[in-house]
Each structure stands twice: as C-alpha cells, then as structure tokens.
Amino acid sequence: MIWLPLLLASCAGWQPEALDSSAGLAPSLQDLQAKIDPLSHPELPEVWRSLKVVVDDGLDENEMVVLALLNSPQLKAARSQTAESAASLYAAGLLPDPQASVAVDVPKSRDPALKTGESFGLGIDLQQILTRGARRDAALESARATYLNVLWQEWQVIQQARMLWRRAIIQQQQVDMLQQQLNQTTSIWDGQHGALKEGNATLDQEGLALAPLMDAEAALLEGKRQLNTTLHDMRLLLGVEPSLSLVFTQPAGGAATLVVKPDAADSLQGSAMARLRPDLLALQAGYMSQESRVREQILAQFPSFSIGANSTRDTAGLWTLGPFINLGLPLLNGNRGNVAIARATRKRLAEEYHFQLVSTRSQWIKIVRDQQLAYEEWQALTARLPRLELTVDRMAHALGAGEIDMLTFTTLRTACFAQQARVLVLTQQLLEQQVALDTLSGHTMPDSARYLTSSLQGIHP
C-alpha cells in the first residue's frame, strides 16, 4: 500500500484565507506607491518609467499618471486575472492521469476447488494526449488575450488620469474666473446700492447691478460642484480617502500651452493601430485561441481510445496478463456538434475584431473633425478676447465718470465673461479630445508592439 502515501503527498493542501472587508484606501498621497519598476512595465514610454514623483508641491500630469498606474484599485483587481490565466495554461499542459481498476470475482458455487477471482488493470486515455497540443495552444493564446486585456485596462486608466487632471486644472481656472466675476459684480452692486441709499442712483440701476451678481453666485457654485465631482473621481482612481485634498501643478504658461493643432482626419493608420492597441491585440489572441480550439474539437472527432494492461486471476486460480484497448465508436455524435460550435465562435470573433477596427476608425474621424472645428473657434476667440477685455476696462472707467449708463456696461461686461468662459470650455474640450485620440490610436505607447511580440512569448504559469 505504498502508493497511498505517494498519492497523498502529491495532493495540494487546503488552507482557508479570510476575506479582507476593509476599503484599504490611502490616508495621504505620501502613502501611495510612487516609483515604477522599469522591468515590470517595459511597454510604457520612458517619461513615465523614469519619473520621480514628488507629491508635496502638487501633481503634474505625468505624476498623476504614475500614481494612478501604481495604485488604482481597478488595476489591482484586473492584474489578478493574469495569475488565473497562467494557472489555466498550466492545467492545459498537464498529461492525463493513468487509470487503475480493481475487480473481484466471487464464485457462487460451493465447489472447494474454486477460488476468488481478482483483476487488476492500468491504462491511460490516449485521446487526451492527442489533443494536448491544441488544448495548450488555445490556453496560451487565451492567456495572452487576458494579459493584453489587462494592459488595455492599464492604458485606459492612464488616459483617464490624464483626462481628469486636464479637466481639473481647467475647472480650477473656471472657479477662479467665476470668483473674480463675483468679486467685480459684488463691488459694483455695493456701489449702486450705496448710491441708491444716498439718492444718487435709481432703482433700475441697482437692479441692473443685482442681476449679474446673482448670476455670478449661481455660476460659481455650479463651477465648484463640477470641480468637486472631478476631484472625487480622481481620488477614486488613485485609491485614496474621499476627503483627501488634492493640489495640482498648473503647466507653465497656462493650460492653453497644452493645446495642439489637430491631426488630419485620415492620419490614423489601421495597420499601425492594430499593432499598438492592446485591446485589438487581445482580440487577435482570442481569435487564435479559438482557432486552436477548432483544431482541438476536430482532433476529438477521432475515436476515443485508451490502452493498458490487465492482470487477472480466474476462479480456478490461473493468472493471466494481457493488454486491453477501449475504443469509442463515433457513429451518433462524433463530436460534430462541438466542431460546429467552435467554428461559429471563431466566425463571431473575427467579425467582432473587424467591427472594432471599423468603429475605432469612425470614432477617430468624428473626434478629429470636432477637434478641428473647436480649434478654429478657440483660435478666433483667443485672438479677439484681449481686445474685448481692454474695452470692458475702458468702459468701467467711463461708467465711473458717468459717461455711459449701467445697462450698456452690464451688457458688455456680461458678454466678456461669457466669452472668457467659452474659451475655457473650448480649451477643456480640446485637451480632452487629444487624450481621447491618444486612447484610440495607442500611439503614445511606442514600445508596446515590440514588447508584445517578443516578451509576451514568455508567458508561464
């Protein structure tokens, strides 16, 4: 019975693991992981891999990216999928266990010459060995697809971090501008209200000063609400406490320096995109995995058979030893249903891949066209706005000198504030559209194609 301890020694042990129910959010930015291991992320551009994050002086765009990449709870959950796929690959490469059988033949007759018959058999299923190569190829491509999907989620978190950072700095500028607007309208209303008490202004003049004040108060509160929503999303992305204060470093020269001239609508190359975007590479790997599954199901059409040997003692006490073969007859089923399912799945995956290519190109063209129109409007407004702001300053002096009436000044100043707000809206739109285009093309991941065609070959359990 020496085989029993050997079997038990080869079995995996079980040990319960408690489920941690704590949120595990970092209480401060200093508690976040802040340095990338270059060997763990060779697919990333050098600017992110070599960055030294300093959180005390505010976060710039690249620092926000690195912190999100290393600490995002979403990515931590996604990366756990790679261990599961590696275990599946390991399981697909295992050989089938041999099959042992024991039988006893007890005679019913009372003849003392008869003995209890015994039979011992040992065999192995050869079909599992025949299909092992196709099964392991399918598991390997499936593991690649899982890895690439995790990489795509990583890429999306990177772009979300960039998007939120750009949105936050614009919204902060909007809040500052709205606060300035509120201060100005408050000052003018205080002057008109005091003048009305002294009999130097009419009731309609006070009303013309009060209405912009109320609009400015409402706009400022709405701007603060929008900024609060963005900051909440950023804290969630970083995995920090919801009450943590976040400070950002404004780009030198202002957010407008980040605006770039839009690309041409036909600048997206489908072949280059298919080599760079992890999700498209994952779809390709998924298709190749299904290709191997089709081959596996076709191989499984052959008759299932197992071979082995039996050692038998009959009731007369005679021992015999001989081979055996168990052969399945593929007359009714023949695995034809599984072959049809595998082929249909392969067709579906091919169509999904082509749809994703078409959809991506369509989105690219739409966003580029929208960006071109927004850029034209942004250029026109930024060129003319300084002249309008100068006019408002001069009109303010004219109002103080009694050369113009309150209605004229209020109308012009409100129009100026509206144009300033429009410039910020267009700036935010252009910055976010650029991130969206980077996400669609994947062109800011220059090392990913080379990495995924070489290092990815080394997926091991």
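Buried means under 20% relative accessible area, exposed means over 50%, and partly exposed lies in between, with a 1.4 Å probe and protein chains only. The tour below uses these words for single residues.

This is a predicted model, in which local features need pLDDT of at least 70 and side-chain atom pairs count only at pLDDT 80 or more, while totals for chains, interfaces and linings use all residues. Residues are numbered from 1 along each chain as its sequence is written, and side-chain values use heavy atoms, with hydrogens and water left out.

**Whole chain**

Of its 461 residues, 39% count as buried. Among contacts (heavy atoms within 4.5 Å) between residues at least 6 apart in sequence, 79% join residues at least 24 apart.

**Strand S4**

Select Asn326, in strand S4 (residues 319-327). Asn326 has 43% relative accessibility and therefore counts as partly exposed. Show its contacts next: beyond residues up to four places away in sequence, Asn326 touches Ser304, Phe305 and Ser306.

**Helices H3 and H4**

Select residues 61-71 for H3 and 73-93 for H4; these helices pack at an angle of about 45 degrees, with axes 6 Å apart. Axes are lines fitted to C-alpha atoms, for helices over the stretch in contact, and angles run from 0 to 180 degrees between N-to-C directions. H3 and H4 are therefore oblique to each other, since angles under 35 degrees count as roughly parallel, over 145 as roughly antiparallel, 65 to 115 as roughly perpendicular and the rest as oblique. On the H3 side, show Ala68, Leu69, Leu70 and Asn71; they meet Pro73, Leu75, Lys76 and Arg79 in H4.

**Helix H6**

Go to H6, residues 132-197, and pick Gln174. Gln174 has a relative accessible area of 12% and is buried. Setting aside residues up to four places away in sequence, Gln174 touches Gln226, Leu424, Val425 and Gln428.

Stay in H6 and select Ala145, which is buried at a relative accessible area of 10%. Apart from neighbours within four places in sequence, Ala145 is in contact with Ala282, Ala285 and Gly286. Gln284 is 139 residues from Ala145 along the chain, and their C-alpha atoms are separated by 7.8 Å.

**Helix H10**

Select residues 336-400. H10 has 65 residues and reaches 91 Å from its first C-alpha to its last, close to the 96 Å expected at 1.5 Å a residue; the expected span is 1.5 Å times one less than the number of residues. Zoom to Leu385, where H10 has a kink of about 35 degrees, shortly before the proline Pro386. The bend at a residue is the angle between axes fitted to the seven residues ending there and the seven starting there. Gly402 follows H10 and has a positive phi, near 75 degrees.

**Helix H11**

Finish with residues 406-441. H11 has 36 residues and spans 52 Å from first C-alpha to last, close to the 52 Å expected at 1.5 Å a residue. Within H11, select Leu431, which is buried at a relative accessible area of 1%. Leaving aside neighbours within four places in sequence, its contacts are Arg166, Ile170, Ala255, Leu258 and Val259. Leu431 and Arg166 are 265 residues apart in sequence and 6.7 Å apart in space, C-alpha to C-alpha. The last stop is Gly442, which follows H11 with a positive phi near 70 degrees.

Definitions and conventions:
Helices (H or I, at least four residues) and strands (E, at least two) are DSSP runs, numbered from the N terminus.
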